[in-house]
Every structure is written in C-alpha cells, then in structure tokens.
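Subject: Handover of a structure and notes on its ligand sites

Dear colleague,

Please find below the structure that I am handing over to you. My notes on it follow directly after.

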Amino acid sequence: MSDATETHCPYCALQCGMGLSPADGPVPVAVVERPGFPVNRGALCGKGANAAAVLAPGARLTTPLVRVGGALRPAGWDEALGRIAEALGATAAAHGRDAVGVFGGGGLTNEKAYLLGKFARVVLGTSAIDYNGRFCMSSAAAAGIRAFGLDRGLPFPLDDIPRAGCVVLVGANPAETMPPFVRYLRELRDNGGTLIVVDPRRTRTAELADLHLAPRPGTDLALALGLLHLVIADGRTDEAFIAERTTGWPETRAAAMAHWPEHVEAVTGVPLPRLRAAAGLFCAAPTAMVLTARGPEQQAKGTDTVNAWINLCLATGNAGRPYAGYGCLTGQGNGQGGREHGQKADQLPGYRKLDDPAARAHVAAVWGVDPGSLPGPGRSAYELLDSLGTEVRALLLMGSNPVVSAPGSTHIGSRLRALDFLAVSDVVLSETAELADVVLPVTQWAEETGTLTNLEGRVVLRRRAVDAPEGVRSDLEVLHALADRLGHGAGFPTDPEQAFEELRRASAGGPADYAGISYRRIAAEDGVFWPCPDEDHPGTPRLFLDRFATPDGRARFVPVQHRPPAEEPDEQYPVRLTTGRVLAQYQSGAQTRRVAALNAAAPGPYVELHPVLAERLGIVDGERVAVVSRRGRTVTPARLTTAIRPDTVFMPFHWPGEGNANRHTNPALDPVSRMPEFKACAVRLEPL
Ligand SMILES: Nc1nc2c(c(=O)[nH]1)N[C@H]1C(S)=C(S)[C@@H](COP(=O)(O)OP(=O)(O)OC[C@H]3O[C@@H](n4cnc5c(=O)[nH]c(N)nc54)[C@H](O)[C@@H]3O)O[C@H]1N2
Ligand SMILES: Nc1nc2c(c(=O)[nH]1)N[C@H]1C(S)=C(S)[C@@H](COP(=O)(O)OP(=O)(O)OC[C@H]3O[C@@H](n4cnc5c(=O)[nH]c(N)nc54)[C@H](O)[C@@H]3O)O[C@H]1N2
Ligand code: SF4
Ligand SMILES: [Mo]
C-alpha cells in the first residue's frame, strides 16, 4: 500500500484505520487495508469498506443552494454566505443574541467542534449551542463525572478487554455497531474469560455470550441493583477496596438491599436463576469490566442507570486497576472529542465548565476576549430544538440530521419549519438540509485533515487523500468566512493544524488536556491518549490507577433507586417499543442510504416482533403493519423473530418518512444528562 494515504473511517467511534489509494472514475479513491493500525488491524465493516462511494459527485452536494420562492436553487458561495451572515446578524439585532442558535455534531473533527463552539461564544455571543452527542453518550458522561470526576469513554485501551476475566456488555450490540471490536470479545473467550450480554434482543452480540440476560427495555437500573443485592448477600464485596478508594458506600449498600431479587425478577422479567448466574460469573472472575452503550443510557433515567452499574464495579473492586473497570462504548466518529472542546451547551474547550470563572478566564485569554463577554450555559439539544421558531429564530446546523434522528421527530420537523432562517452545512442534501434556507456543500473525511478522539480516548489523525470537487469548501472555511462577514475574521484559521495548535492551548490544564499532542506525534505513535499535558508526557492509556479524578481521589458511590420508564404500556398502547441500529446503515442514513451496496443489505425500515405477539395480533411476516403511539403512526413491514422478548418490538431508526422510528420515541429527558428516552415507549400494532 505504498501509494495509499493512511487515514481513518468516516463513521463510528472505533475510528478504524484504513488506507486510501488514488483511483480513476467518479469515485476518486479506493479503500485498502491498513493492517498496522492497532485498533482494527486492517479489519473494516461494510460501511467503512464502502465509504468512498459518497465521494462521487453524483452522491453529494457540489454547489451551495439558496431558497428562492419556496424552492432550493444553486447559488454562488458569496451569495450563500452573505445570506447567512445577514440573517444571523438581523435575527440577533431584532430578537437578541440568544435568538441565534447553533447545532453541532459528534462526527465533526476536534478542530471543527472547537471552532464551532468558539464561533457561537465569540462571534454570535449566544448561549444557544448544543449538539447531537446529547442524544448519544451524555448519560454515561454524566454518570462517569459523578462517580470518577472525569468522563472518558473507556478508561483503558481496547487491548485490556481480552485480559479481563469477565466482561458485561449492557445494551451494546458491537457485532453490528462496531464489527471489528468483536475481535476483542473473541480473544476474551479464547483467554478463558466470560462474556455476559444484557439486551432485550438475542443479538449477534448476544450469540457470542456465555450468558444472555434479556430484560424488559427500561429496567436496567433494577437489574443492576438486583445484581448488587446478590453480591452483597453472598458476602462478595471487596471491603478493602471500598474502604481505601471510595466514598458513599453505606447509602448505596442500603439502596441495593432494598431491591429484593424477587422484585427485580418481576420488574425486569429476567428469571432469578439467571440473575444469580450473572452475579456468580462476575464475582468468580479475577477482574471484571462493565461496558455500556446506548441500551441503558438512552433512558430518562440513563444517568442513574449507569451509576448503578458503576456501583457494582466499585463494590467488587473492579475499578482503578488494570483489566477491570467501567467503560462506555462511545458512538460517533468523534463522540469522545466532540464532547470535550466546547460545542456542548455548558462547556469550554478541554472539558472545562462554562460556569467556572477560572475556566472562562483561561479560555478567554486564548481567544483574546474579555471573560465577561462569554455567554453562560444554554439549553440541551432537545430543549434547543424544541425552542426553534419561538425563542431561537435562526439556526446554523453542522453535522446532524434531526428531522430523522431527533425524538418525537414530527414535532421537531415542525419546529425546524417554524424558524425564520435555517442554514445547514452538510456533505449531502439530508432531510434536514431540504428544509434549509441556505445549504452549504462541504468537504468530506477523505478530502480534509483533522483529528478525532476514539472510544479509548486515543486522538487519531484523519488525513486528506484527495482533492474535493470544485464548488465544495471545508467547514473551517465556512466558519472563517462567516466570522469574517460578522466582523471577527481573525481567530478562525482554515488550516486544521493551526486550529489544533490553538485547541492545545485552550485545553491546557483542563480535564481533557491535549497540550502535549501534536499532528507529528499522532502520526509517529498511532494516536496519543489524553490527558497529555506536555510533549514529554507519554499520554494516558489507563486512567485512575493511582487515584480517581475527584477532589479526594476516591470514587463516589451514587445511591440510586429504580423507577419505571416515563411511558409504560397500558390498554391503549400495550407493547414496548425500543429502537436502535442495523449493521449496514449509519444513523439517520444520510450518508449510507446513498451507497448501493449498503442499501442492498438493509433496504428499508421494519418492525421486529416475536411470533407469539404476531399471532395474537394477526400479523404475518413480511406484511405491512401500522405502529401507533401517542406521538404518531408509522407503516413498515413486520419482521418476525424469536430473538426478541414477546412483550417488546424493535425498530431501527435509519429512515425518514412513514417508517421513521422517531415518530414514536418519547422526548422525556433524564434530569441530569438531558438524554431523551429513545429506548422505551409504548405503542400499539395494527395489521393493515
Ligand atoms: N451499523 C451502525 N453502527 C453504528 C451506528 C449506526 O448507526 N449503525 N451508530 C454509531 C453510534 S453514534 C452509536 S451511539 C453506536 C451505538 O451502538 P449500540 O449501543 O451498540 O447500538 P443500539 O442498536 O442503539 O443499541 C444497542 C442495543 O441496545 C438494546 N436495547 C434496547 N433497549 C434496551 C434496554 O432498555 N436495555 C438494554 N440493556 N438494552 C437495550 C438494543 O436491542 C440494541 O441491540 O453505534 C455506532 N455504530
Ligand atoms: N430512535 C432512535 N433515535 C436515535 C438514536 C437511537 O438509538 N434511536 N440514537 C441517537 C444517537 S446515539 C445519535 S449519535 C444520533 C445521530 O443522528 P444524527 O445527528 O442525525 O447523525 P447523522 O445521521 O450521522 O447525521 C450527520 C449529518 O451530518 C453530515 N456530516 C457528516 N460529516 C460531516 C462533516 O464533517 N461536516 C458537516 N457539516 N456535515 C457532516 C451527514 O451527511 C449527515 O447529514 O441519533 C440519535 N437518534
Ligand atoms: S467499525 Fe466503525 S470505524 Fe470501523 S469500519 Fe465500521 S463504521 Fe468504520
Ligand atoms: Mo450515537
């Protein structure tokens, strides 16, 4: 692969290494193996292997679009940028600075996320900024900060996973969502370790497990409390670890003891012998890990749920030592870095808090502005989208497609339509871009350079391999040009490395400290793990070995109690709906629905249900069926499988229109993380 550029996949948080070779034809590069990169050692899933298809001019945007007389028509960059600058300026003048909003994405590079946050605070002076990562890992992030004082997806490298004695995967389906990750689970089994999977469906991941627990959606908190109860009752807590390295045990112990296993069995639907078997495997292992993904996190009690699983780890001494601990499998390409550098409503770069005076002073000095000029914290993603057309009147959106992916999508679509002005920067004409007043066509992964932080906290470098088609500009050029038109031209570099150098300084001394990381080092070292405070620092693959990131260095137990999902089945809506992903489509599908090979594998939406439920309702495999909730109605083919609980149905969320799962999802928000309840709502099924 001598002529191949070493780079990374445009999609998920594994950030698999890949090579790109020049090619002739409409698709300008070919994806080739990059076996030297440690995370995936050359392996790619179908999305990564076919990613180059979206680079073809026919698949993507190549000219700005502006709305004229109700329709989008091609326009020049000057006109498009001029319209945006004018509308944002006029909205702020008429309705105040907070009437201008910004919505970002966890797929954006660190450089983009950093400059987008800076653009909102310095150029627009608005507090109204948040991003789609709020819908993704925010509950795990909030729980990690409560327990450990720091949030990094995995506090250990992936290489540690096969060396744990037992791994519990809670609501995670990496066999479909991160296929090359499965290697680590196979190696775990080869080493004699055990795998437990907790999922209402017997997924491809669950097929790999020694033990599969299939709880009702929305009951993971009770399950974790039940396991902790059993561990305590069997006298298998690690009292020395609890005494030396934690605080708050008595309250947590009492909360767990109040959750009787028989009660937990009734709430979760997991038979008591299986609960006992899980507690037994977990405690028998010399070290154990709990890894959560969106299943337990995307709940209106996601933060408490993750803390319940962390409590189980802490009570058994499985934290702050090698081959043990709690981790979250982050989701989007830059799910980790995207939540560290300031596109979050309450945040400044380096994972600093926007309401911390010292943080404001540090970052304001890097930006050359008065700390008093920085706005305060704003609303969370759902609350921001919900306020469109009322409080927020003009929106700049970069890297998300909420018409498809936001909870209660019908309502959010109507909020987007109610805006005075919507500008969307995207690589394709997404369903959200279709609603915009101005659409800006931007460069893609293979056409630009930038850093991303993968699920391990490893900062990697995506390299430009090919020129973008004429007419396309980068997100950094967009931010620079808009800042310039709004009177702040300086301070928005268009060169990614220059942006990264500024990010290093802005993050220095913060929890996510990138000060010692450079493009040169990333290239030489296969990525660098943060925190890395100076150039001589080796980076930090394993966190918390000596102390946790709390003021006293101890991990905090958080006493939590189970509560039901915000919407429980009743007579009118008797079935639980949960949602998630399939292997061949990515997120809102904006990119992957444009790839023929992926559409062939996953052509459209469906609702998955058990034959017992189907028979009771008169539903036949493959036939179209209506799903009805308090928020909407969808029509999709039914797919019958014994791999799901008979009281639960599942819909993937990758498609717009009449099969859009988010017509049903309930925007009940977690009180701490503001995560919506994507994973549990109530529906009724009707044969057509
Ligand atoms: N193919 C593909 N891969 C992707 C993505 C994609 O869209 N497509 N997206 C990327 C992103 S951004 C993310 S966040 C990750 C997500 O990765 P995952 O979290 O692995 O994906 P999901 O399918 O959302 O949810 C995982 C599992 O949770 C289960 N589940 C549903 N409800 C519950 C519940 O109440 N409790 C428990 N314990 N489990 C439940 C579902 O049945 C599902 O199998 O994937 C990343 N990778
Ligand atoms: N029902 C249900 N809904 C869910 C979930 C679920 O499990 N169930 N999961 C939630 C989760 S975890 C997530 S992460 C969200 C994701 O949902 P979205 O936020 O909609 O994410 P994507 O579909 O990846 O949208 C990214 C958009 O940005 C564009 N894009 C990609 N890269 C760039 C770039 O560099 N610059 C610019 N300007 N644009 C770019 C893409 O073409 C696409 O249109 O969905 C959430 N919604
Ligand atoms: S697992 Fe994720 S990063 Fe790896 S090839 Fe697939 S989508 Fe890309
Ligand atoms: Mo995500």
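Which side chain has an N or O atom 2.5 Å from an oxygen atom of ligand 2? That side chain belongs to Ser588. The model is predicted, so to speak of conventions first: local features need pLDDT of at least 70, side-chain atom pairs count only at pLDDT 80 or more, and totals for chains, interfaces and linings use all residues. Residues are numbered from 1 along each chain as its sequence is written, chains are lettered from A and ligands numbered from 1 in the order in which they are written, and side-chain values use heavy atoms, with hydrogens and water left out.

Ligand 2

The Ser588 pair is a polar contact, that is, a pair of N or O atoms within 3.5 Å (within protein, one must be able to donate a hydrogen and the other to accept it, and residues adjacent in sequence count only if both atoms are side-chain atoms). The side chain of Ser400 places an N or O atom 2.7 Å from an oxygen atom of ligand 2, and a polar side-chain atom of Arg581 is 3.1 Å from a nitrogen atom of the ligand. Of the 910 Å² of accessible area that ligand 2 has on its own, the protein covers 95% (Shrake-Rupley method, 1.4 Å probe; for residues, only the protein chains shown count as cover).

Around ligand 2 there are 32 residues, of which Asn132, Ser400, Ser405, Asp426 and Ser588 come nearest; a residue is counted if one of its heavy atoms lies within 4 Å. This shell comprises eleven nonpolar, 15 polar and six charged residues (Ala, Val, Leu, Ile, Met, Phe, Trp, Tyr, Cys and Pro count as nonpolar, Asp, Glu, Lys and Arg as charged, and the others, Gly among them, as polar). Because domain 2 (65-134 + 338-529) and domain 4 (575-687) both contribute to the shell, ligand 2 lies between them; the domain bounds come from an automatic or database domain assignment.

Ligand 2 sits in the largest cavity. A cavity is a set of points, on a 1 Å grid over the protein atoms alone, where a 1.4 Å probe fits but cannot get out, and a molecule sits in one if more than half of its atoms lie within 2 Å of its grid points.

Ligand 1

The second largest cavity is the space taken by ligand 1. Its shell has 33 residues, with Asp199, Asp220, Arg581, Gln585 and Gln587 the closest. Backbone atoms make several of the contacts: a polar one of Gly218 is 2.8 Å from an oxygen atom of ligand 1, a polar one of Val582 is 2.8 Å from a nitrogen atom, and an N or O of Gln587 is 2.6 Å from an oxygen atom. The protein buries 99% of the 910 Å² that ligand 1 exposes when taken alone. Domain 3 (138-329) and domain 4 (575-687) both supply shell residues, so ligand 1 lies between them.

Ligand 3

The shell around ligand 3 includes Cys9, Cys12, Cys16 and Cys45. By class it has nine nonpolar, two polar and one charged residues. Ligand 3 lies between domain 1 (5-59) and domain 3 (138-329), because both give residues to its shell.

Backbone

Two further points concern the backbone. The peptide bond from Trp530 to Pro531 is cis, with omega near -5°. Tyr323, a residue other than glycine, has a positive phi, near 65°.

With kind regards

Note on methods
1 Å grid on protein atoms, 1.4 Å probe; cavity = no way out; pocket = protein on both sides within 12 Å on 5 of 7 lines; lining within 4 Å.
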